[in-house]
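Dear colleague,

I am handing over the structure we spoke about, placed just below, and after it you will find an account of what was found in it. Please read the two together.

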2 protein chains.
Amino acid sequence: MTAEDNPDACPIVRSIEQIGSQWRLVVLHDLREEEKRFNELKRSTGASSRTLSRVLDDLQEMGFVSRRLEEDAPVATFYTLTDKGESLCPVFDEIETWADEWLAPETEPEAEPATAD
Amino acid sequence: MTAEDNPDACPIVRSIEQIGSQWRLVVLHDLREEEKRFNELKRSTGASSRTLSRVLDDLQEMGFVSRRLEEDAPVATFYTLTDKGESLCPVFDEIETWADEWLAPETEPEAEPATAD
DNA sequence: CGCAGGTAGTTCCGTTTCGATACCCAGTTT
DNA sequence: AAACTGGGTATCGAAACGGAACTACCTGCG
């Protein structure tokens with residue numbers, strides 16, 4: 001396995017194959033807010049140039065992210081979510097909800113989270 | 001980064017650090033339906049013994065999965081989602097919804113998915 | 001009984017992928 | 001001109017992964 005495109009697998013497994021990697025998810029999440037530049041992403045995600053470069057290539061290839069080159073003054077590149085990328089927002093929202101319950105910054109519950117029972 | 005527990009990161013990034021890996025997600029997803037045995041998971045996920053073993057260890061350590069050893073007849077191990085593991089269901093549901101729209105088995109839309117507008 | 005076959009892994013090993021660092025080139029500021 | 005920023009690529013060691021073999025135990029089956 002570990003193939004990027006395994007038609008045999010059920011849709012959810014294929015989704016996971018595409019988006020189930022730390023950096024891809026982190027980068028996608030980071031681009032939700034607004035389009036960003038390479039070094040901006042590098043700083044905000046903490047990924048190394050090499051890794052970020054690869055991840056952005058992958059995400060572009062898969063159609064989640066698009067690259068915009070601004071040739072005006074000092075050439076600048078911007079990365080944006082495509083429609084396909086944007087379409088992942090609900091997934092991130094769900095992860096966020098989960099995180100709020102299970103990974104609250106101050107309290108890290110080991111058992112059931114005490115969410116106003 | 002790539003640390004399993006980075007308190008500085010925002011909750012969603014910390015979530016991604018925990019669950020953002022192909023095998024972890026695939027195994028968790030596979031356990032949604034019902035508790036499963038080691039070799040059952042091995043077959044259904046396609047992971048190697050080595051990988052599956054590691055992933056299950058990780059998931060247990062993080063409290064997503066619990067191991068039940070049935071010593072009765074021929075010793076059998078069962079892996080189940082904990083409450084924490086179950087709590088990820090909405091995330092998988094969301095991924096499933098996304099997959100339906102963007103990774104439909106027969107049609108792989110490159111542009112906007114035609115979901116009965 | 002003895003051997004094939006299943007379960008639940010672990011060990012070993014080769015390959016692939018990862019990530020940090022260094023480096024590169026262009027433009028810009030000083 | 002030197003130093004800095006932006007956007008990467010080249011390199012190389014480390015970690016992850018996959019597969020096959022091996023262990024140890026149990027279960028049929030002839």
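**Findings, beginning with a serine**

Ser15(B) counts as buried, because its relative accessibility is 0% (buried means under 20% relative accessible area, exposed over 50% and partly exposed in between, with a 1.4 Å probe and protein chains only). Please bear in mind that this is a predicted model, in which local features need pLDDT of at least 70 and side-chain atom pairs count only at pLDDT 80 or more, while totals for chains, interfaces and linings use all residues. Residues are numbered from 1 along each chain as its sequence is written, chains are lettered from A and ligands numbered from 1 in the order in which they are written, and side-chain values use heavy atoms, with hydrogens and water left out.

Ser15(B) is placed in helix H1 of chain B, where helices (H or I, at least four residues) and strands (E, at least two) are DSSP runs numbered from the N terminus. Leaving aside residues up to four places away in sequence, Ser15(B) touches Ile95(A), Trp98(A), Ala99(A), Leu103(A) and Gly20(B), contact meaning heavy atoms within 4.5 Å. Helix H1 of chain B, residues 11-19, is mostly covered, with eight of its nine residues buried; among them are Ile12(B), Val13(B), Arg14(B) and Glu17(B). These buried residues pack against helix H2 (22-33) and helix H6 (89-102) of chain A, and also against helix H2 (22-33) and H5 of chain B.

Helix H5 of chain B, residues 83-86, holds Lys84(B), a lysine that counts as buried because its relative accessibility is 9%. The side chain of Lys84(B) reaches the backbone oxygen of Met62(B) at 2.8 Å, a polar contact being a pair of N or O atoms within 3.5 Å, where within protein one must be able to donate a hydrogen and the other to accept it, and residues adjacent in sequence count only if both atoms are side-chain atoms. Beyond four places in sequence, Lys84(B) touches Trp98(A) and Trp102(A) from chain A, together with Gln18(B), Met62(B), Gly63(B) and Phe64(B).

**How the two protein copies are related**

**The DNA strands**

Around DNA strand C there are 17 residues, of which Trp23(A), Arg54(A), Ser53(B), Arg67(B) and Tyr79(B) come nearest, a residue being near a strand if one of its heavy atoms lies within 4 Å of it. Sugar and phosphate make up 66% of the atoms of DNA strand C that come within 4 Å of the protein.

DNA strand D is surrounded by 19 residues, the closest being Arg37(A), Ser53(A), Arg67(A), Tyr79(A) and Thr51(B), and 62% of its atoms within 4 Å of the protein belong to sugar or phosphate, the rest to bases. For three of these residues there is a polar side-chain contact: Thr51(B) lies 2.5 Å from a phosphate oxygen of DNA strand D, Ser53(A) is 2.7 Å from a phosphate oxygen, and Arg37(A) lies 2.8 Å from a sugar or linking oxygen. The surface near DNA strand D divides into six nonpolar, seven polar and six charged residues.

**Cysteines**

A search of the whole structure finds zero disulfides over all chains, a disulfide being a pair of cysteine sulfur atoms within 2.5 Å. Cys10(A) is partly exposed, with a relative accessible area of 32%, whereas Cys89(A) counts as buried at 16%.

With best regards

Notes: Ala, Val, Leu, Ile, Met, Phe, Trp, Tyr, Cys and Pro count as nonpolar, Asp, Glu, Lys and Arg as charged, and the others, Gly among them, as polar.
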